[in-house]
Amino acid sequence: MNQNVIYTVGLSKTYGKTEALCNLHLVVEKGEFFGFLGPNGAGKTTTIRILTGQLPPDSGKAAVLGIDIKNSIAVKKAVGIVPEVVTLPSFLTVTEYLEFVCGVREIESDRIEYWLDFTELSENRTTLCRDLSQGMKQKVSFAAAFMHDPALVFLDEPFADVDPLMQNKLKKFLKEYIKQGKTVFLSTHILEIAEKLCSRIAIITRGTLTTTGTLAELLEEGKDLEEVFLNLVR
Amino acid sequence: MMSDHLLSLHLKEEWRMMTSYFSSEKLFFLFPLVLVFVGFLMALLIPFIEKAFDIKELLVAFHLLLGLYGLFVGGFGFFADEVAQTWFGEARLLIHMHTILPISFRKIFIWFYIKDIVYYLVLTLVPLFLGAFLSFTIPVVTFARIVVSSTLSFLIGVSVSFLVSSLYVRKPLSAGLLPLVAGVLYVAGVSYEDFPPLSFLFRKDLFSLGLSVALFITFSVISLAITKPVTRTTTKTFSKSQLFSRVDPLLAKEIIDVRRSGTWRILITSYLFPLFFLYGIFYFSEKLFNFSLDIPLIFYAVFIGYLSTLVYSWLNNIDPPSPMAVLPVTTSQLLKRKIKLFSMASLLVAVAYLVALAYILSGLDVLLLSVYCMGSVTFYVAAVTAYLCGLYPNTRLFDGSVLAKYLAAILPVLILLSILSLMRFHTEIVAVASAVLIFSFFMYRRLEAKYEGAYLS
C-alpha cells in the first residue's frame, strides 16, 4: 500500500524573474509530522499553495493523498489548510463562517460548538470576522481547517499570532492528531517549534530543497538544529 | 526635507495604487492623453455650441462639474485607506503609519491632502486645460481666467469634501451642518453666480478671486485642524443568520455581505446619477437641435439594463474572494451566485425605477414590455461581464483587449434595442430581447467551462 501522502516530482514556479521554487522533489509519508523550514522568501508558502491547489506550478507533478494537484477542488476537499496570512469573510460572524465552511464542505455543523470551545472563541461567536484580532483570526482559521477531520493538514506558520497558552494547546492537539495516523505538513521558520514537534524535516533555501531527514539524521554530533539550519541557508 | 519626502512618497503610493488597477502602466498613461484630446475637442466645438447654447450656462455647468469632481476626489482620498484595508487585508497606506511611527497623523494628513490636490490637478485638469489651449479657439486672457476659476471650483470641492469627512469622523451628525448651510444660502436667494469662482469669472472682480482662495484655505485649515484618523471603535456583533439553513452557503454569504456592508444603499442610488445624466443629455440635445425628443419608456429600460453593470461591479467590490482560496470552491460557483444575487437585487431596484419612470412618462401601457426588455439586457450585461472579467470587473475592464471584447458584445445589442425602442417596433423588440436572453443563458452556462481550473487568489 502506498503510504506517501505527498509526492512531488520536479515542481517549479517563477514569479516574473524570481525563481520561487526550483525542481522540488519531496515525499511525505502517512503519520509524519513533517517540518518544512526555510528563511523568509525561501519558497515555503509557494510550495504549500501549489500542493493545496491554490496556485498552479509552472512545471512538475504532485499528488496529495493520491489526488493529482491539478484537481484542486478534490485536494481542498480532502485536506485542511491554515494559511500564513489569514483572510476571513469580512461580514460573517465567527459562527456563521464556520457554518459556511461546513456548508461548502457538505458536512454536518455539529462540530462547531466543540471548535468554538476548543479555540476559546465562544464569547466572540457573534463578532464579525473583520473585527477579530489577528490571533483570533488564526484560531478561526485553525478551527475551519480541522472541521472535517482531514487526513492531512497544511499549516503555514500557524503559531505566529496566537498566545503561548493557545500555542501549547494546539501543539498538544497536533501530537494527538498524529497519533491517530494523520499527517501534518508544517511550514515554519521558528526552529524550536520544528525541533519539538516534527518527526522529519526539510530545509528549503531560495526555492531549492537543501536537505531532508529525521531530526537525528540532520543533527551532527554536538550541533543543534539552529547551527545546521544556519550552515545550510547561508 | 522630510516634508518633501513625504509628499513624494504619497505621490508614489497613489500612482502605484492607481496603476495596479490597470493591466499595464502604459494603459494608465492613455488616460491623461485622452483628456488632452477631450479638452481639445471641447474647445474646438465651442464656436458651434455657442450658436445653440448660452455659453454662460455651459461655463456654469463646467464649474459645477469640477466642483463635484473635487468633492469626489476628496471623499475617495479620505476613505481610501478603509477601501485598501478591505481589499488588501493588512496592506496599509502611508496615512496610517502614524500608528507605528513617531509622526503625528496631522503631519502625514497635510501631505496626503496636498498630494491629492497635486496628483489630480496634474493627472486630469492640466491635460484637459492643455488640450483646450492647443485648440487656440479661446482668447488667452479669457482662457487664463477660466483656468483659474475652474481650478478654484475644483479646489473648493476638495476642501469641502475633506471638511465634511473630518466633521463626520469627529461627530457624524455635524457633517449635516454643511448641507444645512447650503440650504440656508439657497433660501436666502444666493444664486450660483454668487459662487465665488463663477463670480470672479463673470464679474472679473478681484474680491471674488480672493474670496475663492480664502474659502479654500479656510476649509482646508479647519479640516486639517479638526482631523483625526478613521478608527473603528465599535465591534459589531450579529445574531446568527438563518440564511445558511435556507439557501446554499455561497449565496447566503453574498446576501449577508450586501446587507451588512451597506452596499444595498449604493445599489439603490447607483441608478440615480446616470439617469439624471441621461436626462441632461436629452435636455441639451433638445436645445442644440431645437426639436423635442419624445423618449419612450423602453429606451430608458435598455439604459437601466445597461446600468446594471455598475451594480455587478459593486457586488464584486464588497469583499475580496481570497478567503475562498483554501476552501473547495470554484470561481464559476462564486460567479454564478453573484449573478443570482445580482439578478435578484438589480431587477428589484430597476423595476421600481422603471415603474416610477412609467408614471412620469405616461408609459404604463408599455411597462411590461419595458420590464422584459430591461430584464434581458440586465442578465445579458451581467453574463457578458462575468464571462469576460470573472470576479474582477473593476480591474479587468481596464485591460484594452477585454474592454474591446466587452464593447463588441454589448454595444450592438444596446444600439439595436435603442433604435427599435425609438422607432417603437415592439414586436421586433420582443424578438431581439428574447434572443439576447437565450444567448445570456448560453453564456451563463459557459461560465463553468471558461473558469474551470481558474485559481482564486
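## Where the two chains meet

Two residues are in contact here if their C-beta atoms, placed from the backbone, lie within 7 Å. With that in hand, let's look at this predicted model, starting where its chains touch. In the model, 27 residues of chain B are in contact with 28 residues of chain A. Helix 10 of chain B gives the most to chain B's side of this meeting, with six residues. Sorted by class, the side of chain B that touches chain A has 11 nonpolar, nine polar and seven charged residues.

## Chain B in outline

Of its 457 residues, 33% count as buried. Taking contacts in chain B between residues at least 6 apart in sequence, 78% join residues at least 24 apart.

## A buried helix in chain A

Now turn to helix 3 of chain A, which covers residues 94-105. This helix has 12 residues and reaches 17 Å from its first C-alpha to its last, close to the 16 Å expected at 1.5 Å a residue. Is helix 3 of chain A largely enclosed or largely open? Because 11 of its 12 residues are buried, the helix is largely enclosed by the rest of the structure. The buried residues include Val94(A), Tyr97(A), Leu98(A), Phe100(A) and Val101(A), and Glu96(A), Glu99(A) and Arg105(A) are also among them.

What covers those buried residues? From chain A, the cover includes helix 2 (72-78), helix 4 (112-118) and helix 5 (134-146). Chain B takes part too, with helix 9 (243-246) and helix 10 (249-261) included in the cover. Just after helix 3 of chain A, Glu106(A) takes a positive phi of about 55°.

## Two helix pairs in chain B

Two packed helices are described by the angle between their axes and the distance between the axes. Take helix 13 (residues 297-315) and helix 15 (residues 367-389) of chain B: they pack at an angle of about 30°, with their axes 8 Å apart. Angles under 35 degrees count as roughly parallel, so helix 13 of chain B is roughly parallel to helix 15 of chain B. The crossing of this pair is right-handed. On helix 13 of chain B, the contact residues include Leu297(B), Ile298(B), Ala301(B), Val302(B) and Tyr312(B), while those on helix 15 of chain B include Leu367(B), Cys373(B), Met374(B), Val377(B) and Thr385(B). By class, this contact has 14 nonpolar, six polar and no charged residues.

For the other pair, the axes of helix 7 (residues 196-203) and helix 8 (residues 206-226) of chain B come within 8 Å and cross at roughly 160°. Helix 7 and helix 8 of chain B are therefore roughly antiparallel to each other, and their crossing is left-handed. Pro196(B), Pro197(B), Ser199(B), Phe200(B) and Arg203(B) in helix 7 of chain B meet Ser208(B), Leu209(B), Leu211(B), Ser212(B) and Leu215(B) in helix 8 of chain B. By class, the contact has six nonpolar, three polar and one charged residues.

## Loop residues to look at

Most residues other than glycine have a negative phi. Lys204(B) has a positive phi of about 55° although it is not a glycine. You will find Lys204(B) in the loop between helix 7 and helix 8 of chain B. Lys204(B) counts as exposed, because it has 11 C-beta neighbours inside 10 Å. Leu65(A), also not a glycine, has a positive phi of about 50°. Leu65(A) lies in the loop between strand 4 (59-64) and strand 5 (67-68) of chain A, and its 18 C-beta neighbours inside 10 Å make it partly exposed.

His148(A) sits in the loop between helix 5 and strand 7 (152-156) of chain A. With 18 other C-beta atoms within 10 Å, His148(A) is partly exposed. Leaving out residues up to four places away in sequence, His148(A) touches Arg105(A) and Ile107(A). Arg130(A) is in the loop between helix 4 and helix 5 of chain A. Is Arg130(A) buried or exposed? Arg130(A) counts as buried, because it has 21 C-beta neighbours inside 10 Å. The C-alpha atoms of Arg130(A) and Ile107(A) are separated by 25 Å, and the two residues are 23 apart along the chain.

Technical notes:
Residues numbered from 1 in each chain as written. Chains lettered and ligands numbered in written order. Predicted model: local features only at pLDDT ≥ 70, side-chain atom pairs only at ≥ 80, totals over all residues. Buried ≥ 20, exposed ≤ 12 C-beta atoms within 10 Å, placed from the backbone. Helix = DSSP H or I, 4+ residues; strand = E, 2+ residues; numbered from the N terminus. Expected span 1.5 Å × (residues − 1). Nonpolar A, V, L, I, M, F, W, Y, C, P; charged D, E, K, R; others polar. Axes fitted to C-alpha atoms, helices over the stretch in contact; angles between N-to-C directions. Parallel < 35°, antiparallel > 145°, perpendicular 65-115°, else oblique. Left-handed = near helix turned anticlockwise from the far one by under 90°.
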